[in-house]
Amino acid sequence: MEEDQIPYKVGTLIEDLGKLGVIVRVIKNGALQTKMALINWRLNYEIYYFDGMVTIMGHETFNRLIDNNSIKVLVEVQQL
């Protein structure tokens, strides 16, 4: 996947069930090398929350949570 095809960019500010977070890394399909065969590396977002929590969320899950209003995109970065 090319950089301009990634829907949400690094720096995108979100609200996730009342918690503020920011996308700090986009992990592209197969980009992260790991020995854990159970992890399916498709397009993922690494999100740091302002309360100190960190999560890696798949793109499809992220979109589903936006669709059901669990996540709100507050500031969407277009390009860096």
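Let's start with Arg25, which counts as partly exposed at 36% relative accessibility (buried means under 20% relative accessible area, exposed over 50%, and partly exposed lies in between, using a 1.4 Å probe and protein chains only). The model you are looking at is predicted, so local features need pLDDT of at least 70, side-chain atom pairs count only at pLDDT 80 or more, and totals for chains, interfaces and linings use all residues. Residues are numbered from 1 along each chain as its sequence is written, and side-chain values use heavy atoms, with hydrogens and water left out.

What does Arg25 form a salt bridge with? Its partner is Glu46, and the closest N and O atoms are 2.7 Å apart; a salt bridge here is a side-chain nitrogen of Lys or Arg within 4 Å of a carboxyl oxygen of Asp or Glu. Because Arg25 lies in strand 2 and Glu46 in strand 3, the pair ties together parts that are 21 residues apart in sequence. Strands (E, at least two residues) and helices (H or I, at least four) are DSSP runs numbered from the N terminus. Glu46 counts as buried, at 10% relative accessibility.

The search of the whole structure finds two salt bridges. Lys19 forms one with Asp51, with the closest N and O atoms 3.7 Å apart. This pair links distant parts of the chain, 32 residues apart: Lys19 is in strand 2 (residues 19-27), while Asp51 is in the loop between strand 3 (44-49) and strand 4 (54-58). Lys19 is partly exposed, with a relative accessible area of 33%.

Phe50 is also found in the loop between strand 3 and strand 4, and Phe50 is exposed, with a relative accessible area of 61%.

Five strands make an open sheet in the order 4-3-2-1-5, with antiparallel pairing; two strands pair if DSSP finds at least two bridges between them. Strand 4 and strand 5 (71-75) stand at the edges with a single partner strand each, so one side of each is left without a neighbour in the sheet. From one strand to the next, the twist averages 35 degrees; axes are lines fitted to C-alpha atoms, for helices over the stretch in contact, and angles run from 0 to 180 degrees between N-to-C directions.

Strand 3 and strand 4 pair in the antiparallel sense over five bridges, and Asn44 stands opposite Gly58 in strand 4. Helix 1 (residues 59-67) packs on the sheet, touching strand 1 (13-16), strand 2, strand 3, strand 4 and strand 5, where contact means heavy atoms within 4.5 Å. The direction of helix 1 makes about 95 degrees with that of strand 4.
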